[in-house]
Amino acid sequence: MKKDKEIKTIVGSFLLTLAPIIVGILLWNKLPGQVAIHFTLHSGQPNGWSNKAMAVYGFPLVMAAVQLFVVVFTNLDKHKKNIDGKILKVIYWIVPWIEFVTAIMIFGYSLGYQINSDATSNLLLGVVFIILGNYLPKVKQNKTMGYRVSWTLNSKENW
């Protein structure tokens, strides 16, 4: 991926990661004081709550830190040239999209919408696996993604 396109992708992914803050601010007066942030696996019932400020600001900021971690360590990889531009875009966009969908689901549930968190989570995870399954077999040796054990990193045949 060319440097200017990569910078635009990184900036865009950070903006998407922080977008739920804007949504949360716009919905602030409608959100309850306690916001459901965790749901049971099969019934989709909430079993974890947080105060409104943590749901609106904390969750996106933590995910922005995760995104920063992803960007920094991907760019520190001395074998980054082996990572195709398409899979690099996937790396940069996976955290923001998961976080955005999750935040919208949390806000929607808090506003009284009937959200099937189980189906939404399964669909999101399925899409992530399909995307990764499409690109990972094409990835060349690197230290950011793939089977990064010494015997695969030391041999192109094993990779």
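Guide: A residue counts as buried when its relative accessible area is under 20%, as exposed when that area is over 50%, and as partly exposed in between. The model is predicted. Trp97 has a relative accessible area of 44%, so this residue is partly exposed. Phe100 has 22%, so Phe100 is partly exposed as well.

Now the pairing. Rings pair if their centres lie within 6.5 Å; planes under 30 degrees apart are stacked, over 60 edge-to-face, and the rest tilted. That rule gives four aromatic pairs. One of them joins Trp28 and Tyr57: the ring centres are 6.0 Å apart and the planes stand at 40°, so this pair is tilted. Trp28 sits in the loop between α1 (3–27) and β1 (34–39). Tyr57 belongs to helix α2 (residues 52–76). The pair therefore ties together parts that are 29 residues apart in sequence. Trp28 is partly exposed, because its relative accessibility is 28%. Tyr57 stands at 34%, so Tyr57 is also partly exposed.

Trp97 and Phe100 make another pair, with 6.0 Å between ring centres and 85° between planes. Their geometry is edge-to-face. Both residues lie in helix α3 (residues 85–110), three residues apart, so about one helical turn separates them.

The axes of α2 and α3 come within 10 Å and cross at roughly 170°. An angle over 145 degrees counts as roughly antiparallel, so α2 runs roughly antiparallel to α3. On the α2 side, the contact includes Ala55, Val56, Phe59, Pro60 and Met63. On the α3 side, Leu88, Ile91, Tyr92, Val95 and Pro96 are among the residues met. The contact residues of α2 and α3 divide into 15 nonpolar, four polar and one charged. Glu99 in α3 and Gln67 in α2 are among the residues of this contact.

Last, the strands. β1 pairs with strand β2 (residues 46–51) in the antiparallel sense, over five bridges.

Definitions and conventions
Residues are numbered from 1 along each chain as its sequence is written. This is a predicted model: local features need pLDDT of at least 70, side-chain atom pairs count only at pLDDT 80 or more; totals for chains, interfaces and linings use all residues. Side-chain values use heavy atoms; hydrogens and water are left out. Helices (H or I, at least four residues) and strands (E, at least two) are DSSP runs, numbered from the N terminus. Buried means under 20% relative accessible area, exposed over 50%, partly exposed in between (1.4 Å probe, protein chains only). Two strands pair if DSSP finds at least two bridges between them. Axes are lines fitted to C-alpha atoms, for helices over the stretch in contact, and angles run from 0 to 180 degrees between N-to-C directions. Angles under 35 degrees count as roughly parallel, over 145 as roughly antiparallel, 65 to 115 as roughly perpendicular and the rest as oblique. Contact means heavy atoms within 4.5 Å. Ala, Val, Leu, Ile, Met, Phe, Trp, Tyr, Cys and Pro count as nonpolar, Asp, Glu, Lys and Arg as charged, and the others, Gly among them, as polar.
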